[in-house]
Amino acid sequence: MDDVDRKILAELQQDGRLTVTELAGRVRLSVSPCHRRLRELERSGAISGYRAVVEPTAVGLTFEALVFVSMRQEDRDTVAEFERAIGEIEYVLDAQRLFGEPDYLLRVATADLAAFQRLYDERLATLPGVQRLTSTLVMKHVVRGRPLPA
């Protein structure tokens, strides 16, 4: 990865809908070399996909919480089953396994507090190996969706 590749990544993080011609102009390459570099970044996994950024409130998801999960059991099978189950809950937007306590951090979005309570009671609290859930409500996003540094 060189400086030109980093410029390509920076431009695409700002606007993933750029045409190859527009991208080439922004990174000061001709179209063919830019296209080759772009395909190589995709092939190598540096670019893992393209997607639209959707405002949660526009689709009725006005309530957001961070849920900290402490596990009762952390054997391989329980962890794998927990992570598989988390992956199937569409309202879990992000999930990270952490070092130390708690074991996981989940970012959850729902329509409102009542919907969050149902999700918490019926799905999250019943996940395999869970000992304790602690949640905190998101007041506002200060930094959100920031592109990776070049």
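Two strands pair if DSSP finds at least two bridges between them. Helices (H or I, at least four residues) and strands (E, at least two) are DSSP runs, numbered from the N terminus.

The model is predicted: local features need pLDDT of at least 70, side-chain atom pairs count only at pLDDT 80 or more, and totals for chains, interfaces and linings use all residues. Residues are numbered from 1 along each chain as its sequence is written, and side-chain values use heavy atoms, with hydrogens and water left out.

Strands β2 and β3 run antiparallel and are joined by five bridges. Valine 92 has valine 108 in β3 as its bridge partner. Six residues lie between the strands of this hairpin, where glycine 100 has a positive phi near 85 degrees.

Cys34, Leu38 and Leu41 are the buried residues of α3 (buried means under 20% relative accessible area, exposed over 50%, partly exposed in between, with a 1.4 Å probe and protein chains only). These buried residues line one face of α3, because they fall within an arc of 60 degrees seen down its axis, taken from the directions from the helix axis to the C-beta atoms. Arg36 and Arg43, on the other side of α3, are exposed. Glycine 45 follows α3 and has a positive phi near 95 degrees.

An automatic or database domain assignment gives the domain bounds.

| Domain | Residues |
|---|---|
| domain 1 | residues 3-44 |
| domain 2 | residues 56-137 |

The C-alpha centres of domain 1 and domain 2 are 36 Å apart.
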